[in-house]
Amino acid sequence: TAAQLVDGRMHVRGFDPGDWQITAQADGHASSDTLNLTLEDDGNEPEVQLRLRQGGTLLGKGVDARGQPIAGATIQCTTTAAGGSVAVFRALLSPQDMPIASTDASGQFGCKNVSPSTYAVRIRATGFAPAAIAQVAIVDGQTRDLGTIVLGAGTEISGLEIGRAHV
């Protein structure tokens with residue numbers, strides 16, 4: 001259980017001894033970093049400090065090859081900060097990314113309070129091949145405008161190859 005105090009502190013009680021991961025979230029802020037914490041069975045309550053950040057803002061516009069806005073495209077981000085080029089490659093191919101925004105009727109999108117990190121950003125829309133931008137750095141308190149992103153005609157095919165026929 002958790003109870004918030006007036007000064008922003010919280011008391012959290014009732015957790016079993018063991019390993020825990022703690023993250024703080026609040027509207028209007030980027031999430032805190034995740035803290036790994038080991039609770040001992042000695043009755044002591046460790047003091048933990050998590051800091052919420054302002055986060056950054058990500059902006060852009062999705063259009064088709066003729067420059068017409070694409071409404072309803074989903075914007076997905078995958079962090080690549082710790083994994084180098086392999087993480088960028090995986091992030092650009094991964095269909096399980098978390099959508100964080102969608103384009104409006106004019107093709108515009110905006111994501112506020114994005115945690116500072118480096119991301120691979122994918123834009124997907126039905127009837128279009130997805131577009132991807134690697135190494136998008138988000139900085140606390142700053143706005144990153146990706147500009148106009150063109151989605152080409154086509155579609156995305158994904159699946160799993162089970163076996164191959166030999167002819």
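Buried means under 20% relative accessible area, exposed over 50%, and partly exposed in between (1.4 Å probe, protein chains only). In a regular strand the side chains alternate between the two faces of the sheet. Eight of the eight residues of β9 (residues 117-124) are buried, so the strand is largely enclosed by the rest of the structure.

This is a predicted model: local features need pLDDT of at least 70, side-chain atom pairs count only at pLDDT 80 or more, and totals for chains, interfaces and linings use all residues. Residues are numbered from 1 along each chain as its sequence is written, and side-chain values use heavy atoms, with hydrogens and water left out.

Strands (E, at least two residues) and helices (H or I, at least four) are DSSP runs, numbered from the N terminus. Two strands pair if DSSP finds at least two bridges between them.

| Partner of β9 | Bridges and sense |
|---|---|
| β6 (residues 74-79) | six bridges, antiparallel |
| β10 (residues 131-138) | six bridges, antiparallel |

Val-121 stands opposite Cys-77 and opposite Ile-133 in β10. The hairpin of β9 and β10 has six residues between the strands, and Gly-127 there takes a positive phi near 90°.

Val-48 is found in the loop between β4 (35-39) and β5 (56-63). Val-48 is partly exposed, at 34% relative accessible area. Not counting residues up to four places away in sequence, Val-48 touches Leu-35 and Leu-37. Contact means heavy atoms within 4.5 Å. Val-48 and Leu-37 lie 11 residues apart in sequence and 8.8 Å apart in space, C-alpha to C-alpha.
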